[in-house]
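Colleague: I'd like to learn how to read a structure like this one. Could we take the features one at a time?

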Amino acid sequence: QVQLVESGGGSVQAGGSLRLSCAASGYTYRVYDYCMGWFRQAPGKEREGVAAVYTGSGSTHYADSVKDRWTVSQDNSKTFMYLQMNSLKPEDTAMYYCVAVKGTCGGPWWRDPGAGGYWGQGTQVTVSS
């Protein structure tokens, strides 16, 4: 099954930047037919989708809260996904998770797939004011 490992989290001041990485391995299905996404969960809040990329076409999707600030991308081998986070805000503080779901991002992509997706262990992002 697919294994995902996130890295790149940390602490930063408001207005700063971080780049998260998600390393994927163990694909048993067509690597060009996954919706790869980033979700986050802050204490006391539900997990929410913030960005996604379809491995086939490279099409990207963003939550309104991060649009124009962040960029999701993948490498040519489809084994790495990145989230470039600029202009970070204190409200971006959360645990960030990488998820892979078979098929396109028309699920819709922002709906938590729960056990229907492969999840990483998460990486913490803390933004101070």
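Modeller: Let's begin with a definition: a salt bridge is a side-chain nitrogen of Lys or Arg within 4 Å of a carboxyl oxygen of Asp or Glu. Before we use it, note that this is a predicted model, where local features need pLDDT of at least 70, side-chain atom pairs count only at pLDDT 80 or more, and totals for chains, interfaces and linings use all residues. Residues are numbered from 1 along each chain as its sequence is written, and side-chain values use heavy atoms, with hydrogens and water left out.

Colleague: How many salt bridges does a search of the whole structure find?

Modeller: The search turns up five. Take E48 and R40, whose side chains meet at 2.7 Å, N to O. Another joins R47 to D112, with the closest N and O atoms 2.8 Å apart. That pair links distant parts of the chain, 65 residues apart: R47 is in the loop between strand 4 and strand 5 (48-54), and D112 is in the loop between strand 9 and strand 10. By the way, strands here are DSSP runs (E, at least two residues), and helices are too (H or I, at least four), numbered from the N terminus.

Colleague: Next, strand pairing. Which strands pair with strand 9?

Modeller: The rule is that two strands pair if DSSP finds at least two bridges between them. Strand 4 (residues 34-41) pairs with strand 9 (residues 94-102) in the antiparallel sense, over eight bridges. Within that pairing, G37 has V99 as its bridge partner. Strand 9 is also antiparallel to strand 11 (residues 123-128), over three bridges, and there A94 stands opposite V125. Finally, two bridges join strand 9 to strand 10 (residues 118-119), again antiparallel, with V99 opposite W119.

Colleague: What about the inside? Which residues have the most contacts in the largest nonpolar core?

Modeller: A nonpolar core is a set of buried Ala, Val, Leu, Ile, Met, Phe, Trp, Tyr and Cys residues joined through side-chain atoms within 4.5 Å. The largest one here has 35 residues, and M36, W38, L83 and M85 have the most contacts inside it. Strands giving two or more residues to this core include strand 3 (18-25), strand 7 (70-74) and strand 8 (80-85). The largest share, five residues, comes from strand 5.

Colleague: Which residues is M36 in contact with, leaving aside its neighbours within four places in sequence?

Modeller: Contact means heavy atoms within 4.5 Å. Among the partners of M36 are L4, C22, Y27, V53, M81 and V99.

Colleague: Now the rings. How do I read an aromatic pair?

Modeller: Rings of Phe, Tyr and Trp (its six-membered ring) pair if their centres lie within 6.5 Å; planes under 30 degrees apart count as stacked, over 60 as edge-to-face and the rest as tilted. By this rule the count is five aromatic pairs. F39 and W119 are edge-to-face, 5.5 Å centre to centre with 70 degrees between the planes. F39 sits in strand 4 and W119 in strand 10, 80 residues apart. F39 is buried at 1%, but W119 is partly exposed at 22%. W70 and Y96 make a tilted pair, at 6.0 Å and 55 degrees. Because W70 lies in strand 7 and Y96 in strand 9, that pair ties together parts 26 residues apart in sequence. F39, Y97 and W119 form one aromatic cluster.

Colleague: Which charge lies over the face of W119?

Modeller: A charge sits over a ring if NZ of Lys or CZ of Arg is within 6 Å of the ring centre and within 35 degrees of the ring normal. R47 lies over the face of W119, 3.7 Å from the ring centre. Likewise, R19 lies over the face of Y82, at 4.0 Å.

How values were computed: Buried < 20%, exposed > 50% of the residue type's maximum accessible area, 1.4 Å probe, protein only.
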